[in-house]
Amino acid sequence: MGKEIIKGYDVTDLTSLEKLEPVRVRPGMYIGSTGSKGLHHCVWEILDNSIDEISNGHGDRTTVIINKDKSITIIDNGRGIPTGIHPIKKKSGVEMVFTELHTGGKFDNKNYKTSGGLHGVGAAVVNALSKWLVVEIYQKGNLYKQRFEYSYDKELKKDMPGTAVTGLDIVGTSKKTGTKVTFMPDKDIFSTIDFKFDIIDERLQQLAFQNKGIHLELVDKRKDEEVKKEYYSERGLLDFIEYLNESKTTLHPNPIIFDGERSLENVEMYGEVCIQFTDSTTEYIGSYVNNIPTTEAGTHETGFKTGMTRSFKEGAKKLGLVKEKDKDFEGDDLREGMTAILRIKITDPVFEGQTKTKLGSSEAYTMMNDLAYTKFSEWIEDNKELATSIINNALQAAQRREKIKKINDAEKKKIGKGTSPLAGRIAVCTLKDKTVNEFIVVEGESAGGSAKQARDRRFQTIMPSKGKIMNTEKQKLENVLASEELKIFNTAVGTGTLDNYKEQDLKYDKIIIMSDADVDGYHIRTLWMTYIYRYMRPLIANGHLYLARPPLYKVYKNTKSGEVAKYAYSDEDLEKVKKEIGKGALMQRYKGLGEMNPEQLWQTTLNPESRTLMQVTIEDATKAEKMVSLLMGEIVEPRRKYMYKYGEF
C-alpha cells in the first residue's frame with residue numbers, strides 16, 4: 001500500500017466536474033481565510049500535488065522558492081501534468097487543471113493510490129486567487145510553458161481570474177520530467193502577500209519526516225544573501241518524534257513504532273504510529289492523512305485512541321495491575337505525557353471542508369481502531385516491564401483526576417455560597433453581550449488600578465495580575481488547577497479547562513494580556529500564553545486571545561495652545577514620531593504601564609479606536625508544541641541554543 005507505481009498517466013485520465021467561477025467571491029470556502037493562513041494554504045495546494053507524485057513513486061525531489069518579487073515557485077521531478085489535448089474538452093490537460101474546478105487524475109484511484117490533493121480544485125483555486133500564474137512542464141523531451149492572468153476571457157466576454165493568456169507552448173527541450181508552478185498572490189484578495197519562511201520551513205520538515213528518503217528544499221531569495229535549507233530524513237517518524245521531544249524528559253529511550261495495512265469494503269489504508277511517553281502532564285498527537293496535517297483530528301485519531309485504550313485496559317488485567325472491582329483508568333489518563341505521530345495513507349478520504357483539517361471517513365475509524373488494538377496488544381505482550389510502567393502512570397493519573405474533580409466540585413460549592421474567588425479581585429463590565437466584551441489581564445496592581453479607571457466600564461473587564469503566574473509547563477496538573485490566580489481567571493472567563501472546555505460558556509469575545517514592554521513583561525505574556533495553550537487551547541484556535549501593545553515612548557512638545565503628543569511603539573517608530581512632532585520635541589521613555597496615567601493608558605492601550613492589538617494564532621500546531629516545550633520546559637540546552645541563535649527574541 002502506498003508503494004505501487006501506476007504507469008500510463010495521460011490527459012484522458014482527467015475528469016472535469018464544473019467551471020472555475022465562484023472562488024474569488026467566497027475564497028474562504030476553498031482556502032479557509034484570506035489572511036496569512038489562507039495565503040500559505042495556496043502553497044500547500046500546489047505542494048501537496050508534488051508530494052502526491054513522490055508518495056506514489058514518481059520522483060524524489062521538491063523545491064520551494066520564495067522569489068524576490070514575492071511570488072513563489074514549487075518545482076518537482078514527477079511525471080509532469082498531462083500536456084495532451086482532452087478528447088472531449090479540446091483543451092490541454094494543463095489548462096484544464098488550472099482553469100476548471102474538480103479537474104484531476106485522483107478521482108478514480110487509477111493514477112494515485114493515495115493523495116492529499118484529492119478534490120482537484122487546488123491548482124485552479126490558486127490560479128483564481130493569483131494576479132498571475134506560470135506553469136512549466138518537463139515532459140516528452142520538451143519544455144512546455146503557459147501563463148494565466150486576471151484578464152479578458154474571450155469565451156465569457158468579461159475580465160476573469162485565471163485566464164489563459166498564452167497557449168501551452170513548447171519553449172525548449174529537456175531531458176528531465178516534472179512540473180514547475182510560479183504564482184503571484186493577488187493583494188486585492190489577501191490581507192498580506194508576505195510568505196513566512198518559518199511556516200513553510202516547518203511544513204517541509206514535517207513532510208520530510210513523513211516521507212523518509214525524499215529530498216526537499218526551501219530557498220528564500222528576498223534578501224541580499226539567499227537563504228537555503230534542505231530536508232531529508234533517513235528514519236522517518238523516529239526522527240520526527242526525537243525532534244518533537246528534544247526539550248522534554250522522555251520516560252523510555254526507544255519510541256514505540258508500528259505500521260500495518262487494513263482494508264474495509266473498497267477502502268484501503270496504510271497506517272504508521274510512533275509514540276513516546278514523557279514526564280509532561282499533557283498529551284500531544286500530530287496526525288496526518290495522505291501527508292496532510294489534520295489539525296482538527298478526525299476519525300483516524302479517534303480510532304487510534306479507542307484501540308490503544310482497549311489494548312492497555314486488557315493488558316492491565318492480564319498483568320494483574322487492575323482487578324475487576326478496582327477503579328479503572330480512562331484514555332486521557334493513559335495518554336498523559338504521550339507524544340504521538342499518527343500518519344495514514346487511505347484511498348478516497350472524506351475530509352470535512354476543502355482545507356482538509358479534519359477527517360470524516362468512518363472506515364478510517366474502524367481500520368485504525370483495529371490496527372492500534374492489534375499492534376499495541378502484541379507490543380504489551382512483548383514489553384511487559386515498560387507496559388507495566390505506562391499502566392501504573394495511567395492509574396496514578398486517574399487518582400489525580402479524581403482529586404482534581406473534588407477540587408473543582410469544592411470550588412463550585414464556594415461560588416454557589418457567594419464565596420467566589422472573583423470577589424474584590426476583578427472589575428467586571430456592565431454589558432452582558434459576550435460578542436463585544438473584553439477580558440483584560442493587566443500586569444501589576446498599580447497598572448491594574450489605572451486600567452480600572454481608564455477602561456470603558458460598559459464592555460471592558462479588568463483583572464490585575466499580581467505578577468508572574470507559575471510556569472504551567474513545569475507543574476503537575478493538580479498544582480495548576482489549585483493556583484488562586486488561575487482560578488480567578490478560569491472562573492471569570494467561564495469556559496472551563498482541558499476536556500471540560502465549553503466554547504458556549506465563554507463570557508468574552510477578546511481575552512487580552514497587557515504587560516510591560518520589557519523582558520519581564522514578555523516573560524509574563526509567555527507564561528499566560530503557555531497556560532492558555534495547554535489548558536484552554538480553543539481560545540487561541542478560535543481567535544479570542546490577543547496581546548496588547550503599550551507604547552515605549554511618549555514624544556511631546558509644549559506649544560501656546562497646549563501639549564502636542566504622539567506615541568512610539570518601537571525604536572523604529574521613535575525617529576518617525578520625532579520628525580512628526582518637529583523641532584523642540586521632548587521624549588519620555590515608559591518603563592512600565594504603571595507610569596501612565598489613566599487617560600494615557602486609555603488612549604494608547606485600551607481604546608479600540610487607537611490601540612494596537614496582536615492576535616495570537618496557531619499557524620502550525622506541531623511547531624507550537626515544540627516551541628512551548630523548548631521555551632518553557634525543563635531541559636535547558638535546546639533553549640540555550642535557541643536563545644543564542646535568536647538573541648533578539
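Predicted model: local features only at pLDDT ≥ 70, side-chain atom pairs only at ≥ 80, totals over all residues.
**Entry 1**

I started at N291, which is found in the loop between β14 (284-289) and β15 (292-293). Helices (H or I, at least four residues) and strands (E, at least two) are DSSP runs, numbered from the N terminus. Residues are numbered from 1 along each chain as its sequence is written, and side-chain values use heavy atoms, with hydrogens and water left out.

N291 is not a glycine, yet its phi is positive, about 80 degrees. Is N291 buried or exposed? I read 5% relative accessibility, so N291 counts as buried. The cut-offs: buried is under 20% relative accessible area, exposed is over 50%, and partly exposed lies in between (1.4 Å probe, protein chains only).

I then looked up K140, in the loop between β5 (130-139) and β6 (142-153). K140 also has a positive phi, near 55 degrees, and is a residue other than glycine. K140 counts as exposed because its relative accessibility is 60%.

**Entry 1: the whole chain**

I took the overall figures next. The chain has 19 helices and 24 strands. Of its 649 residues, 54% count as buried. I also checked contacts, meaning heavy atoms within 4.5 Å. Among contacts with a separation of 6 or more, 70% are between residues 24 or more positions apart.

**Entry 2: cysteines**

How many disulfides does the structure hold? I found zero. A disulfide here is a pair of cysteine sulfur atoms within 2.5 Å. C274 has 0% relative accessibility and so counts as buried. C429, at 6%, counts as buried too.

**Entry 3: L39 and helix α2**

I moved to L39, found in helix α2 (residues 36-55). L39 is buried, with a relative accessible area of 0%. Which residues does L39 contact, leaving aside its neighbours within four places in sequence? I listed P185, F190, T192, I193, D194 and F195. F195 is 156 residues from L39 in sequence, and their C-alpha atoms are 7.5 Å apart in space.

I turned to helix pairs. Two packed helices are described by the angle between their axes and the distance between the axes. Axes are lines fitted to C-alpha atoms, for helices over the stretch in contact, and angles run from 0 to 180 degrees between N-to-C directions.

The axes of α2 and α5 cross at roughly 30 degrees and come within 11 Å. That makes α2 roughly parallel to α5. The classes: under 35 degrees is roughly parallel, over 145 roughly antiparallel, 65 to 115 roughly perpendicular, and the rest oblique. α2 passes α5 in a right-handed crossing. Handedness is left if the near helix is turned anticlockwise from the far one by less than a right angle, and right if clockwise.

On the α2 side I noted S36, H40, W44, L47, D48 and I51, and on the α5 side I199, I200, R203, L204 and L207. These contact residues divide into seven nonpolar, two polar and two charged. Ala, Val, Leu, Ile, Met, Phe, Trp, Tyr, Cys and Pro count as nonpolar, Asp, Glu, Lys and Arg as charged, and the others, Gly among them, as polar.

**Entry 4: α5 against α6**

Helix α5 (residues 197-210) also packs with helix α6 (residues 237-244), at about 140 degrees and with the axes 7 Å apart. That makes α5 oblique to α6. E202, Q205, Q206, F209 and Q210 of α5 meet L237, D239, F240 and Y243 of α6. I read this contact as four nonpolar, three polar and two charged residues.

**Entry 5: α14 against α18**

Helix α14 (residues 519-535) and helix α18 (residues 621-632) pack at about 130 degrees, with their axes 11 Å apart. They are therefore oblique to each other. The crossing of α14 past α18 is left-handed. From α14 I noted T526, L527, T530, Y533 and R534, and from α18 A621, A624, E625, V628, S629 and M632. The contact divides into six nonpolar, three polar and two charged residues.

**Entry 6: helix α13**

Why is helix α13 (residues 484-493) described as largely enclosed by the rest of the structure? Because eight of its 10 residues are buried. I listed E485, L486, K487, I488, F489, N490, A492 and V493 as buried in α13. Just after α13, G494 takes a positive phi of about 95 degrees.
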